[in-house]
Amino acid sequence: MKLEIKDLSVSLQAQPILRGVSLTVEEGEFVSLLGHSGCGKSTLLKTVAGILPPDGGSILLGGEEITKLPAHRRGTVIVFQDMRLFPHMTAAENVAFPLKMQGVSKAERLRTAEELLEKVQLPGLGQRRMSELSGGQQQRVALARALAAKPKLLLLDEPFSSLDENLREEMRSLVAQLHREFGMTTVLVTHDREEALAMSHRVAVMSAGKILQYDVPEEVYRHPANRTVADYFGDCCYLGGRVENGRFVSELFSCEAALPDGRYDLMLRAGAIRTKQAGALALTVRQIQFRGVDTLVTLEAGNGQRWKCSLRDCPAWSVGETISCDVTLDECVFFSQDNRN
Amino acid sequence: MRKHRFLSFVLGVTAFAILLPMAVMVLWSVTGRWSWPNLLPESYTLRTVQELLFGSAKLPQLLFSSIWLAAVVAVLATIVGVMTARATELYTFFGCSAVQAAGFLPLLVPGTVFATGIQLTMIRAGLSDTLLGVVLVHLVVALPYCVTIMADVTAAVGVRHEEQAAVLGASPLRAFFLVTLPQLLPGILSSLSMGFVLSYSQYFTTLMVGGGRIKTLALVLVPYIQSGDRALSSVYATVFVSSALLVFFLLEWAIKRTEKRGETQ
Amino acid sequence: MKKLLALMLALVMSLSLAACGAGDEEIAVDALDLSTASWEEIVEAARGTTVTFYGWGGDENRNNWLNTTVADYVKEHYDITLEVVGMNIDEILAKLSGEKQMGATSGSIDMIWINGENFYSAKENGLLYGPFTEKLPNMEAYIDLDDPETLNDFCMPIEGYEAPYARAQMVMMSDSAVTPEAPANADEFMEYCKKYAGKVTYPALPDFTGSAFVRNLIYELCGWEQFQTMEADYETVKAAIAPAIEYLRALNPYLWNEGKTFPDSSTTVDSMFADGELVMNMSYGPFSVATGIANGTYTDTTRTFVFDNGTIGNTNYMAIAFDSPNKAGAMVVINAILSGDIQLTQYETLRELPVVATDKLSAEEKAAFDAVEIGEGVLTQAELLAHRLPEMPASLVPVIEEIWLNEVVGK
């Protein structure tokens, strides 16, 4: 169902955590809340689910005001990072729990539980106790249990961060598959930028209790609204300079820029730098780290500015060597220094 | 290997330190005379057993009333303990730490002073010499322990699972009973046992507030210890310890069984 | 889980029912004005009631005797239910003074087993009901009303506030197979302690028995008459018992642990004697050796002895609490205990010295008393009474205990 959050503010122990957050998630959409820990993204989730009371603002689900509704009547289910499976119940009982709350008969709910366990690829493990399941299996049970509640809104609070890398990948595709199949409106909280970019229809980048940018993944990545958002995706460095008469001029480099006059930072992603004979930039190789898929090279400009650059096919450079580079301008973003975020 | 040997040594010493006095106590309960330096009693007697079974103390009634009283106290103390612990551990409110500290006050006051003071209060409340009065006093004695036990367990269990249950559609009451309570069970078991033992072994408070009308095993046992009749005190102490142990085992067994039945549901 | 809940609820509910029921059982007999009522009216008023008797509960034989012999007797003759409650006198008095303080008019204690200092303080503080003994027919019928122990308790005038229950007398005991000699006076006792150095001691004061034993030695060395009228002044008492203090100090080196410490109670001394750690013991129960031999605690060769000059005897009594809910019933039960029948059973089963006056007994009753086999290792009633010395005033007892603590222990 469509979720609308309007000007929501929340405090915990008299500390403001969310400061006027507004967000709309369309029916069936998959949205990620991306941000560092402490930015308020989990708080936002808990407030939507009714676990935390807001100070102000309103929450609408399917056009209906639910701000004052107790958690158990909202139909918003959270899958927590620590899974919160009930240790005194079997896997099947865990999955059947929301059905029991809805008054479904015992036979019916156990049948549904088995079905859902099959959906999360745990067929026949219904009688297992929680302590007899691996971390990945527990995560699947938690997912199945959330699905059993037939939520109007599924809220995933960093559900994969406690898993190891391979398992995380598997779980992501399982969630994506389940989302396609059940089509329920989903909000994922994560600090993993690749996860957010790969899985979501739209990404909301949060910092200090506010949403900085809310857009489709490509836009958020390519055109960050400000330096905080840009920094979040990392691998970038900044060149300070001025724009005068439609041209950006810095110590190292200059190019065309259709901007009003003023002081600007030019954001350069690692990918924006290409080696080129007689290029505009002369950079010194400071460090080379082979990482398997790619090689991480640390380059330094004449003014001491360093940046890291991941290269798939790294030429046979040696540390201390000076190389000539050029900048691909369609990867660049200018931020006005006079109006810093 | 060395560690294991050390562990079994410690266990051995502990078992020896607990079991030897118990064995001596059981032996004393049928001893006529046992003078120094004999390793074993010189004469045995069944007078104690006879007194126990056919004497005027009416053992079955005594056991029944003691166990019943202790069970009521244990259950009430645990209910209050669960609720108090929930209030102080999961919520913060004005005077929260004062409530926590106040629970320990009965432990700080010397036993006799406490008993005399509470007797006056009970007379004023018209509860002196009544069962209800004795139950209340035992509750005051048992609560600090039961609340502490429940506070630790409650803090460990926390609200995480209740939050999860709530978002899955469980009302606060159902969330507590279906999700939190089963997890508190080990603590509840300890609290019940603690409350039981504390009530079961109360002597002075039972005497002062019960006025001797509320008869318990401790009330009969303690005078024999004071009068130095070692054989008779031993036979009563043996009954005292074994009846308490029996109740524990039954309690543990009952809870294990409910848990088992819960699993198959 | 539901079952557990149901169980809890059931427990709580049955508790509250029981609590409601507990209040109503007392029957109001106080409608009768006891000061003017005739004995027949009192007996009639007591019929069908319950009487509680509070006292020390550490003697299985006495508990049994009260619960069977006495309880059956009063049930049969007066339809009274006797409820015996074991409670130390300190706690009984604490409870009563609490009730007094709160202005309670109806408590739960009817009869109290009491004597000496406790009687003195209870009477002084108005915790006792009385006078009542002149109402009891058996006082006149069985008790020597001119006996000093009927008139005074530890030199304290009784004034009708308590009726005699049983007589106690300090006796000493040893195993004749271990120590053939039995000291008959203070000098012989000193020699005895020297011979069996480290194997004799007495309970640390203010233990009841230890205190009485020390008073007994004081009587030996300073005579007993002067104390009957002595003022309870520390210096006066100290001067009067100076020879005894000197003697006790001289005794110390030969006692257990060289008199640096003393066992904490008569209970401990009893156990040490039974265990053979001590060769001599002392008791307020004149026939306790017979009981000990019978139940196997003491060897068959254990013997009772007293000093030639005599040992302290006292009587313990029955009183009625000021707020007794059933004073008429208590009076009827006390009267019954004074009867020859009950005193005979007390002598027979508890081996306690009876309080009845021999010359007031019928020939039949007399023969029954004489026929009692008191058991092994004890002195006869006649021998005991011939060596019986009166107690000193209750107020002197704590003074002597204080002097002993300051001047004797560890000196």
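1. Helices are DSSP runs of H or I with at least four residues, strands are runs of E with at least two, and both are numbered from the N terminus. In that numbering F6(B) belongs to helix 1 of chain B, which covers residues 2-28.

2. This is a predicted model, in which local features need pLDDT of at least 70 and side-chain atom pairs count only at pLDDT 80 or more, while totals for chains, interfaces and linings use all residues. Residues are numbered from 1 along each chain as its sequence is written, chains are lettered from A and ligands numbered from 1 in the order in which they are written, and side-chain values use heavy atoms, with hydrogens and water left out.

3. Chain B as a whole has 12 helices and 2 strands, and along the sequence these follow the pattern α-β-β-α-α-α-α-α-α-α-α-α-α-α. Its C-alpha atoms fill a box of roughly 70 × 65 × 35 Å when taken along the principal axes. Of the 265 residues of chain B, 49% count as buried, where buried means under 20% relative accessible area, exposed means over 50%, and partly exposed lies in between (1.4 Å probe, protein chains only).

4. F6(B) is exposed, with a relative accessible area of 56%. Together with F9(B), V10(B) and V13(B), F6(B) makes a nonpolar surface patch of about 400 Å². Patches are made of residues with over 30% relative accessible area and no salt bridge, with like charges joined within 9 Å and nonpolar side chains (Val, Leu, Ile, Met, Phe, Trp, Tyr) joined within 5 Å; accessible areas come from the Shrake-Rupley method with a 1.4 Å probe, and for residues only the protein chains shown count as cover.

5. S243(B), in helix 12 (residues 230-264) of chain B, is by contrast buried, with a relative accessible area of 9%. Its side chain reaches the backbone oxygen of V239(B) at 2.7 Å, and a polar atom of that side chain lies 2.9 Å from the backbone oxygen of F240(B). Leaving aside neighbours within four places in sequence, S243(B) is in contact (heavy atoms within 4.5 Å) with L63(B), Y200(B) and L217(B).

6. Between chain B and chain C about 4000 Å² is buried, 59% of it on carbon and sulfur atoms; buried area is the accessible area (1.4 Å probe) that two parts lose on being put together, summed over both. The contact takes 46 residues from chain B and 48 residues from chain C. There are 3 salt bridges between these chains, a salt bridge being a side-chain nitrogen of Lys or Arg within 4 Å of a carboxyl oxygen of Asp or Glu. The side chains of K95(C) and D129(B) meet in a salt bridge at 2.6 Å, N to O.

7. Chain B and chain A bury about 2100 Å² between them, with 59% of it on carbon and sulfur atoms. In chain B, Q164(B), V167(B) and L168(B) lose the most area to chain A, together 32% of what that side buries. The interface of chain B and chain A holds 2 salt bridges, and D82(A) forms a salt bridge with R160(B), whose closest N and O atoms are 3.0 Å apart. Helix 8 of chain B gives the most to the side of chain B that touches chain A, with 7 residues.

Methods:
A polar contact is a pair of N or O atoms within 3.5 Å; within protein, one must be able to donate a hydrogen and the other to accept it, and residues adjacent in sequence count only if both atoms are side-chain atoms.
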